[in-house]
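Hello,

The structure we discussed is below, with notes on what turned up in it. Please look it over when you have time.

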Amino acid sequence: MKVLLIGSGGREHALAWKLAQSPLLTEFYAAPGNPGIAEHATLVAVNTEDQDAVVAFCREKAIDFVVVGPEAPLVAGLSDTLRAAGFKVFGPSAAAAQLEGSKGFTKDICARYDIPTGAYQRFNNAPKAKAYIREQGAPIVVKADGLAAGKGVTVAMTVDEALAAVDDCFEGAFGAAGAEVVVEAYLDGEEASFFCLSDGKHALALATAQDKRVGEGDTGVNTGGMGAYSPAPVMTSEMVERTMKEIIEPTMRGMAESGYPFQGVFFAGLMITAKGPELIEYNVRFGDPECQVLMMRLKSDLLPLLLACADGTLDQVSAEWSDDPALTVVMASKGYPGAYDKNTPIGSLPARGPRSSTPVRR
C-alpha cells in the first residue's frame, strides 16, 4: 500500500515511526516532513496548502491512502478535495473539522445533544463580552473561537485578566481566530486527554494521556504542549466508559444527524469534575505531544485502524495497548509560547537509549 502523510511536526514523526512498522506498507511519502520523518518516509516538496498540488502528487504516485496530521489542512478542506478526487483519507471533512475550527460550533453541538460542558456565551464584539464577564465574575474562561495553535485560551482567575484576554482576541493577538470569542464557565477538576477513532457510525476508544503547562509543577500558561504521559491515572475504566457514553457517542450521533458525519480521531480535552467527565474542547487530529506517547504504547498495527475509519469498518478492528507507561518531554525555545527566537540551534542531544525511539519536537 502506498501512503502519503501530511505534516511536519513531532506528531507526524510519531505517526511516521508507527506507520513505517506496518507490513501493509509498500511505499511511504511525507509532505513536507522533517529530518526525523526522513528516517521512515521519502520526503516530498509539495506545498500542502496547495490542494491541487497534493492531488497531482497522489495521482502521479498512485497513492492509496492519505493520512492528514495537522488541523489546519483539515479545516481548510484538504480531505474533501482528496476524497472528491477518489483518494482514501484519514481525517474529517471541513464541515466536521469545525469541531476544532470553531469553539462556538462545538459548544452549540454540546448544547443541542446534551453533552456535559461548561455554560457559555458567544460574542463578536468586546463590549458585550466584557459585560457578560463582569456579570458572571471570575474565575472564567475566554477562548478565541478559531484555530490558535493551542494558545487562544485564557483561564482567567480575575475579572481584569478576563477583560484583557477579550482585548487580546479582538485586537488581533490570534489573528482571524479571535474575530469571535467564547466565554465559558470555569470547570474545577483534573484535566485529561481522551482519544477515540470514528468512522461516522462506529467508535473505537484508544488511550488516555495528560499534558502539562509551560512551567515546572504544571504552572504557567497553556501551550501547544510541553510534554505528555500516558495513561492518565484519573481516567479509570469507569471514567472511560462514561466518557464514551456521555460525550463521544452523543457527539458522533449528533454530527451525523447534523449532516457532518465524522471520520477521523476525536481528541477530547476533558475536565474530570465532581460530576464526572465534562468536555473542555474537541480537536480533530492526534494531539502533539500526546500522539508521541500513544504511538509508543500502541501494540497493534496503526495502518489498518486508520484505514477502517476511511472504509467505515471500524467495528471490525481492535487496538491492543502496552500496559507500560510512556513519557515525552518537549524542548522549546526560551520564551515559548510567547514571543521567542526562531530557528535557534540545538547544541547537542543525549545519546538515544534503547527505548527512546520517538522524536524530539523543535
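Aromatic pairs and backbone geometry

Nine aromatic pairs come out of a search of the whole structure; rings of Phe, Tyr and Trp (its six-membered ring) pair if their centres lie within 6.5 Å, with planes under 30 degrees apart counted as stacked, over 60 as edge-to-face and the rest as tilted. F90 and F286 have ring centres 6.2 Å apart and planes at 25 degrees, so they are stacked. This pair links distant parts of the chain, 196 residues apart: F90 is in strand β5 (residues 88-90), and F286 is in the loop between β14 (276-283) and α10 (290-297). Helices (H or I, at least four residues) and strands (E, at least two) are DSSP runs, numbered from the N terminus.

This is a predicted model, in which local features need pLDDT of at least 70, side-chain atom pairs count only at pLDDT 80 or more, and totals for chains, interfaces and linings use all residues. Residues are numbered from 1 along each chain as its sequence is written, and side-chain values use heavy atoms, with hydrogens and water left out.

F90 is buried at 3% relative accessible area (buried is under 20%, exposed over 50%, partly exposed in between; 1.4 Å probe, protein chains only). F286 is also buried, at 3%. Ring pairs join F90, F195, F267 and F286 into a cluster.

Two peptide bonds are worth checking. The bond from A138 to P139 is cis, with P139 in the loop between α7 (126-136) and β7 (140-144). S230 and P231 are also joined by a cis bond.

Regards
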